[in-house]
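Let's take a walk through this structure together. Have the sequence and the 3D view ready, and we'll go piece by piece.

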Amino acid sequence: MRQFSYSRPDTLDTACHTPDHTRYLAGGTNLIDLMKSDVERPEHVVDLSALSMSQIEERPDGGLRLGALATNADTAAHPLVTERYPLLASAILAGASPQIRNRATNGGNLNQRTRCHYFYDPDMACNKRSPGTGCSAKGGRNRIMAILGTSDACIATFPSDMCVALAALNATVHLTGPEGERSVPLRDYHRLPEDTPWQDNILRTGEIVTSIDLPPLSFGSHHTYLKIRDRLSFAFAIVSVAAGLQMENNTIGKACIAMGGVGTKPWCVPEAEALLEGKTPSPSLFRDAAECLLQGAVTDRDNAAKLKLAPRVIIRALSQAAAGTPQSQTQKTIF
Amino acid sequence: MTDVSVTSPCRLRINGEPCTIDIPPSVTLLDLLRERLDLTGTKKGCDHGQCGACTVLVNGKRVKSCLILAVSIPDAEVTTIEGLSRDGQMHPMQQAFLDQDAFQCGYCTPGQIMSAVALMEEGHVHTREEIREFMSGNLCRCGAYNGILDAIEQVIAQQQQDRAGEAA
């Protein structure tokens with residue numbers, strides 16, 4: 001690892017005012033790995049761990065505020081999360097391993113980088129890592145790459161499970177920077193690669209994620225996080241779906257759905273949600289929703305299977321949510 | 001705010017003993033343990049957070065020491081495999097790994113044992129499937145997984161017996 005200067009400020013204001021070539025350190029489970037691989041080469045590392053941003057607390061509107069520095073493990077195990085947002089707890093537990101979740105933070109989860117093999121290899125061309133060098137993934141070994149939201153410059157998948165649930169739940173991200181505070185819907189936080197794939201999200205220089213708000217929203221048992229991957233544990237999604245349905249007398253009220261493993265960002269299509277609302281669950285309805293969610297999908301050399309797999313995962317996830325039988329992250333059988 | 005400098009002070013408690021050392025901030029907890037403190041029980045496998053051989057406890061929680069800058073956990077209590085035994089007696093989990101032949105080459109074993117000790121504290125031990133899932137951060141290239149599961153179940157059974165004994 002290259003050398004860098006290190007500081008651990010105890011105020012957010014100090015943390016926001018940092019020199020160029022700074023990286024913020026939270027749990028470090030992604031950043032330190034990227035520094036070892038020589039993908040990230042910060043001159044300064046500003047450790048956020050002395051800031052008090054790890055609370056998980058109820059909001060006056062009945063929603064929940066997740067501190068950016070709360071660990072994934074503490075978030076998934078928090079009684080208010082398991083009671084009110086089991087979809088989020090399930091998605092968190094579907095990702096990484098217990099040791100990683102004990103360090104990884106909620107803010108860090110939003111800001112993690114892609115696991116594209118070419119991004120991780122400094123010898124390969126990659127527009128996300130080294131702007132203007134090209135995209136080795138296009139036409140390369142790209143079985144794990146995205147089929148939605150891609151561009152000529154980049155087809156890397158956004159790897160998070162947690163963010164797929166946060167997108168389905170319409171979470172809001174709170175930021176603090178040198179110019180003050182602002183809030184952004186999670187669905188708008190991550191960017192499409194377009195011709196600037198090195199910008200993963202809308203964070204500006206010196207801005208820090210301080211917390212994530214969940215709106216008051218209950219699906220009862222009508223939710224699921226269904227993740228398909230190459231092995232049953234500790235692997236990134238090939239396709240995943242977070243779904244929540246408010247069911248009233250076998251009619252779908254509000255519908256929330258997001259996809260992971262297929263998009264360059266957590267993938268949501270409001271038209272697919274609208275299409276489900278006010279309808280009675282049926283295989284054909286879920287097929288229509290799948291078609292709508294996957295509109296515009298583009299496959300490359302090795303990842304056409306995702307286009308076959310994705311509708312099946314969407315339909316299965318919606319069936320699980322409608323039936324009120326969420327996928328267990330321990331018992332791996334998919335019903 | 002801590003001074004920005006080439007080396008930074010690192011202050012920890014490791015297996016109950018205070019440790020103060022000036023190190024470059026790039027030194028991971030794993031490299032601090034192995035290269036500077038001669039605590040080589042903690043193993044370096046992948047060095048990328050995937051294999052779990054470097055698992056230690058930080059403030060009682062299991063973590064991958066290869067992905068932590070040692071300077072970033074001031075005053076933390078670190079427990080390594082060397083810190084598990086008491087009065088020359090192996091920890092029950094260490095004994096169970098021996099009893100159940102839960103390893104072949106032994107390289108992943110310290111990480112497996114640290115992870116298993118933390119797993120017991122977390123309580124994710126209701127079914128064999130649950131134990132499997134919550135041990136998924138530790139890889140064993142020899143494939144001793146069944147023995148590892150048996151060892152963990154042996155300790156669970158012992159604890160249940162001990163509790164029944166106390167209640168009686």
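Start with chain B: the C-alpha centres of its domain 1 and domain 2 lie 22 Å apart. Domain 1 of chain B covers 8–83 and domain 2 covers 92–167, with bounds that come from an automatic or database domain assignment. Where they touch, 15 residues come from domain 1 of chain B and 12 residues from domain 2 of chain B; two residues count as in contact if their C-beta atoms, placed from the backbone, lie within 7 Å.

Before going further, some housekeeping. This is a predicted model, in which local features need pLDDT of at least 70, side-chain atom pairs count only at pLDDT 80 or more, and totals for chains, interfaces and linings use all residues. Residues are numbered from 1 along each chain as its sequence is written, while chains are lettered from A and ligands numbered from 1 in the order in which they are written.

Back to that contact in chain B. On the side of domain 1 that touches domain 2, strand 3 (55–58) and strand 4 (61–64) of chain B each supply at least two residues. Strand 3 of chain B gives the most to this side, with 3 residues. Helices (H or I, at least four residues) and strands (E, at least two) are DSSP runs, numbered from the N terminus. By type, the residues on this side of domain 1 of chain B are 6 nonpolar, 6 polar and 3 charged. Here Ala, Val, Leu, Ile, Met, Phe, Trp, Tyr, Cys and Pro count as nonpolar, Asp, Glu, Lys and Arg as charged, and the others, Gly among them, as polar.

Now look at where the chains meet. Here 30 residues of chain A are in contact with 29 residues of chain B. On the chain A side, strand 1 (5–7), helix 2 (31–36), strand 3 (44–47) and helix 6 (98–103) each supply at least two residues. Helix 6 of chain A gives the most, with 5 residues. That side of chain A divides into 10 nonpolar, 14 polar and 6 charged residues.

What about chain A as a whole? It has 12 helices and 11 strands. The radius of gyration of chain A (taken over C-alpha atoms) is 19 Å, close to the 20 Å from the globule rule for 335 residues, so chain A is as compact as a globular protein of that length; the rule is 2.2 Å times the number of residues to the power 0.38. The C-alpha trace of chain A spans about 60 × 50 × 35 Å along its principal axes. Chain A is divided into domain 1 (5–47) and domain 2 (223–323), and 36 Å separate their centres, taken over C-alpha atoms.

Let's peek inside. Leaving aside neighbours within four places in sequence, Ala168(A) is in contact with residues including Leu87(A), Ala242(A) and Cys256(A).

Finally, find Asp152(A), in the loop between helix 7 (106–111) and helix 8 (162–168) of chain A. Asp152(A) is partly exposed, because 13 other C-beta atoms lie within 10 Å. The C-alpha atoms of Asp152(A) and Pro197(A) are separated by 9.9 Å, though the two are 45 residues apart along the chain.

Definitions and conventions
Buried ≥ 20, exposed ≤ 12 C-beta atoms within 10 Å, placed from the backbone.
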